[in-house]
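Could you walk me through this structure before I open the viewer?

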Amino acid sequence: MSEIRPIRWQEGKLLLLDQTRLPVDETTFVVERYEQAVAAIREMRVRGAPAIGVTAAYAVAMAARDIRASDRAEFLSALEQDCVHIRAARPTAVNLGWAVDRMMNVAESVDSAKEIPDRLVAEAEEIHREDEAINRLLGDYGKELMPDGGSVLTHCNTGALATSAFGTALGVIRAGWESGKRFEVFNTETRPWLQGARLTSWEFQKLGIPATLLADSAAGMLMRQGRIGCVITGADRIAANGDTANKIGTYMLAVLARENGIPFYIAAPTSTIDLALPNGDGIEIEQRPPEEVTRYGGVATAPEGVSAVNPAFDVTPHHYIDAIVTERGIASPPYTESLILAVNGGN
Ligand SMILES: CSC[C@@H](O)[C@@H](O)C(=O)COP(=O)(O)O
């Protein structure tokens, strides 16, 4: 099986596997300027917290390449202006701001403005490389949570497409499967954007892992029937107390899991942990266009003029989360202690 590589950097261009077109077409969206990278993130041609972070890092490198400034101070101030636009592409995933901050720190550490663009390309490539290594480590820790003989449910898409390779929650399922464990896999369709139906089902097929798709609203019944052994999802931002923002519908799954006595896990790199936020109340939730709810693929799915609300994420309170898998180990409650340890180097 060839690995899925949704983000590639080739000869100064960023090549994105266009996720608005999957699973029907496997087309590449070519990005040559940082503004196009910002648009690609906003339009969700590239999506998933870690993938947004990697793309944002290349966006900063492309922005730097196009700056004409008379001295270093002017260069850095122009770059900071471009970074304001990059940071604003999507608000919820902390990985975006995390990557931009890391790139700006590198730019500020270089003495000569002329050298900044090359250093930034090297740093973006490093962030890209690290992402795959981090996901593989995370999968390795998380596979012990996967059952042998039971079943697992996942939500949204958290695979290679949402990262740069391997994935987080989907990576844990993959690592469990590749370690020889055998279990049933269920994935939600993830209304309204259908990340689960379109992207996760596509990835499981490519991986050769049998998976069964269900409507989001079927999850409760399957849990009650005893058909779901555990739930694992990704995260877009985890507050210091473990409250976790993830794809809309995650909170519902976590509450249903608790009601039915099923363990609920989160898998995310430490770059998704935001220790600056004491709890989930401060997490900004992206509101997406109502048309994503009232139309699909240009076809109306609701009467013209109907009002619709479309929050892209929700926050699951920490007390519903049994464990958080990171590349530094498995964090357990109380998260106020274990997440600090994870961010600072180990559990
Ligand atoms: C490894 S991806 C983790 C999260 O980013 C994922 O679960 C998710 O919610 C993605 O949302 P999306 O709106 O598709 O970017």
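The numbered points below go from the domains to the ligand, the core and a few local details.

1. Ground rules. This is a predicted model, in which local features need pLDDT of at least 70 and side-chain atom pairs count only at pLDDT 80 or more, while totals for chains, interfaces and linings use all residues. Residues are numbered from 1 along each chain as its sequence is written.

2. Domains. The chain is assigned domain 1 (7-132) and domain 2 (136-343), with bounds that come from an automatic or database domain assignment. Their C-alpha centres are 25 Å apart. To the contact between them, domain 1 gives 22 residues and domain 2 gives 28; contact here is when the C-beta atoms of two residues, placed from the backbone, lie within 7 Å.

3. Domain 1's side of that contact. The elements giving two or more residues to the side of domain 1 that touches domain 2 are α2, α4 (94-109) and α5 (116-142). The largest share, five residues, is from α2. Elements are DSSP runs numbered from the N terminus: helices are H or I with at least four residues, strands are E with at least two. By class, this side has 12 nonpolar, six polar and four charged residues. For the classes, Ala, Val, Leu, Ile, Met, Phe, Trp, Tyr, Cys and Pro count as nonpolar, Asp, Glu, Lys and Arg as charged, and the others, Gly among them, as polar.

4. The ligand. Which residues are closest to the ligand? They are Arg-47, Ala-49, Ala-162, Gly-234 and Lys-247, out of 18 that surround it. A residue is near a molecule if its C-beta atom, placed from the backbone, lies within 6 Å of it. Helix α2 (49-65) and strand β9 (244-247) are the elements that each give two or more residues to this shell. Seven residues of the shell are nonpolar, eight polar and three charged. Both domain 1 and domain 2 supply at least three residues to the shell.

5. The core. The largest nonpolar core has 100 residues, and Ala-37, Ala-57, Ala-59, Val-60 and Val-231 have the most contacts inside it. Such a core is a set of buried Ala, Val, Leu, Ile, Met, Phe, Trp, Tyr and Cys residues joined through C-beta atoms within 7 Å. Helix α2 turns up again here, with the largest share of the core, 13 residues. The core lies between domain 1 and domain 2, because both give residues to it. As for Val-60, it touches Cys-83, Ile-86, Val-100, Met-103 and Leu-120, leaving out residues up to four places away in sequence.

6. UniProt, in an unreviewed entry, lists Asp-236 under "active site"; UniProt positions are given in the numbering used here, feature names are shortened, and annotations may be inferred rather than shown by experiment. Asp-236 sits in the loop between β7 (230-233) and β8 (237-239). Is Asp-236 buried or exposed? It counts as buried, because it has 30 C-beta neighbours inside 10 Å. The cut-offs are 20 or more other C-beta atoms within 10 Å for buried, 12 or fewer for exposed, and partly exposed in between, with C-beta atoms placed from the backbone. Not counting residues up to four places away in sequence, Asp-236 touches Ala-49, Thr-92, Ala-93, Ala-245, Asn-246, Thr-272 and Phe-313.

7. Backbone details worth a look. Most residues other than glycine have a negative phi, and most peptide bonds are trans. The bond from Arg-191 to Pro-192 is cis, with omega near 0°, and Pro-192 belongs to the loop between β5 (184-188) and α7 (195-207). Leu-194, also found in the loop between β5 and α7, has a positive phi of about 65° and is buried, with 20 other C-beta atoms within 10 Å. Another cis bond, with omega near 0°, runs from Pro-333 to Pro-334. Met-44 has a positive phi of about 65° too; it is in the loop between α1 (34-42) and α2.

8. Two residue pairs. Leu-137, in helix α5, is 189 residues from Thr-326 in sequence, yet their C-alpha atoms are 8.1 Å apart. Gly-261 is in the loop between α9 (250-259) and β10 (264-267) and counts as exposed, with 8 C-beta neighbours inside 10 Å. From Gly-261 to Cys-230, 31 residues apart along the chain, the C-alpha separation is 9.3 Å.
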